[in-house]
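Here is a short briefing to read alongside the model. Have the viewer open and follow the topics in any order you like.

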Amino acid sequence: TFGITNMIFRVYLSNKIGAEGMGLFQLIMSINAVASTLAISGIRVTITRLVAEELGKGNYGKIRKLVHKGLIYTLFFSSITFIILYNGAEFISNVWIKDSRAIISLKILAYSMPFVSASCCFAGYFYGVRKVIKSVTADVVEIFTMMMIIYIFISRFLPIGLEYTCALISVGMAVGSMFSALYSYILYIFEKKQSSHSSSQKNKCSIFDIGSIAFPIACSAYVQTSLRTAEDILIPNALRQYGSSSSYSLAIFGMIKGMVMPILNFPSIFLASFSTLIIPEIAESSALNKNKMVNYIIAKVFKFTLLIALFATGLFMIFSKELGLAIYKSEEVAFMMRILAPLIPLMYLDRIVDGSLNALNQQIYTLKYNLMDMVLRIIIILGFIPKSGIEGFILVLFASTIFNASLSINRL
């Protein structure tokens, strides 16, 4: 339900602000993704995994200590992120994005970083103890708050311009994050099962214990989000070098990144929570040396993922025109849907594989593969898009997806 609502709202937003507006919004969200990744620094997956392991061992006394240390860890990183993003908003907008209209939005989003990180820490705990519904309701609180703020005020901001419309969206996101963090905290403190007061050595943990697992995961996430952000920044600039105007380059970028790719990824909403849910299952089985169970879970997940992916691929290839016109009233979007649809199976599998590797303590390999992927993307962006335009853009998506997914699947 959350994913469907989010998709409907994105379509609503794109129809309000247009392709150029979606391009600017996507660039702002790309910077926000890097900032959020730095603020979170791998805490969600780490807490989920560690809590699941301790739960499997029956070591309940250590679970709450893990969460408390995790909060300290992630609030440290989120405070640093706030300082960097707020003070660097002008430089990022003028030098990297090359659009000063992003400054206000980035400054607003900086305030949300501590709340984003705290929410992820609590979410990791809820997933680890198999109380997923609590994490899901926190997400609902966040997205509902954001949507209400934007829906109520957007008609007043649209006539002022894209700069202030994007700022409104950022306000909605920041307030939503604050409400979600507060809601998650309330759920956490009212948990019935209290931690043991035992002071035994096995119940002790430190921030360094958490950091030793979280930081490699965080580095992989840094690379992945930095790669996407670098791509998002470089592509409009490369399209300008090809000869397109700034407005048209931003519109093309917004159409593919902000309109086509979200639609193609829409069926994977069924996999988003699923990929997080399998982490504690695999981690617990691995900790108890149940290798057959680990292989069984991964095999079942692969089959389920391929089933959804192949269905989605056929749907978008056969009905691309109808979907493009019905959703965005655009034949260009429909054409791009059909071109990019064959990537769906690998995109969906890559998401599941990364989660499985993290659960098996193989996060160093996801970091390695993402580094290699980043180099490949940058080479193609700089070498082909200035010469080939949108065809080079498509080549980036195909080459990167095939390369990264192949390496990850082979490792698993």
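Is Leu 239 buried or exposed? Leu 239 is buried, because its relative accessible area is 3% (buried means under 20%, exposed over 50% and partly exposed in between, with a 1.4 Å probe and protein chains only). Keep in mind that this is a predicted model, where local features need pLDDT of at least 70, side-chain atom pairs count only at pLDDT 80 or more, and totals for chains, interfaces and linings use all residues. Residues are numbered from 1 along each chain as its sequence is written, and side-chain values use heavy atoms, with hydrogens and water left out.

**Confidence**
- The protein has a mean pLDDT of 85, and 92% of its residues reach 70 or more; pLDDT is the predictor's confidence in each residue, from 0 to 100.
- Helices here are DSSP runs of H or I with at least four residues, and strands are E runs of at least two, numbered from the N terminus.
- Residues 194-201 have pLDDT below 50, and beyond near neighbours in sequence this stretch has nine contacts in the model (contact means heavy atoms within 4.5 Å).
- Where pLDDT is low, the predicted coordinates should not be read in detail.

- Leu 239 belongs to helix α9 (residues 207-242). Setting aside neighbours within four places in sequence, Leu 239 contacts Ser 244, Ser 249, Ile 252, Ile 385, Gly 389 and Ile 390.
- Asp 350 is found in helix α15 (residues 344-359) and is buried, with a relative accessible area of 11%. Not counting residues up to four places away in sequence, Asp 350 touches Asn 404, Ala 405 and Ser 408.

**Nonpolar cores**
- The largest nonpolar core has 77 residues, and Leu 340 and Ile 344 have the most contacts inside it. Such a core is a set of buried Ala, Val, Leu, Ile, Met, Phe, Trp, Tyr and Cys residues joined through side-chain atoms within 4.5 Å.
- Helix α1 (residues 2-40) gives this core its largest share, 14 residues.
- A second, separate core of 30 residues includes Ile 40, Leu 50, Tyr 73 and Leu 367.

**Aromatic rings and charges**
- There are 13 aromatic pairs in the structure. Rings of Phe, Tyr and Trp (its six-membered ring) pair if their centres lie within 6.5 Å; planes under 30 degrees apart count as stacked, over 60 as edge-to-face and the rest as tilted.
- Phe 82 and Tyr 86 are stacked, because their ring centres are 5.8 Å apart and their planes lie at 25°. Both residues lie in helix α3 (residues 63-87), four residues apart, about one turn of the helix.
- Phe 82 is partly exposed at 26% relative accessible area, and Tyr 86 is partly exposed at 28%.
- The rings of Phe 82 and Tyr 111 have centres 5.2 Å apart and planes at 55°, so this pair is tilted.
- Lys 107 places its charged end over the ring of Tyr 86, 4.1 Å from the ring centre. A charge sits over a ring if NZ of Lys or CZ of Arg is within 6 Å of the ring centre and within 35 degrees of the ring normal.
- Ring pairs join Phe 122, Tyr 125, Phe 126, Tyr 185 and Tyr 188 into a cluster; the charged end of Arg 64 sits over the ring of Tyr 188, 4.5 Å from its centre.
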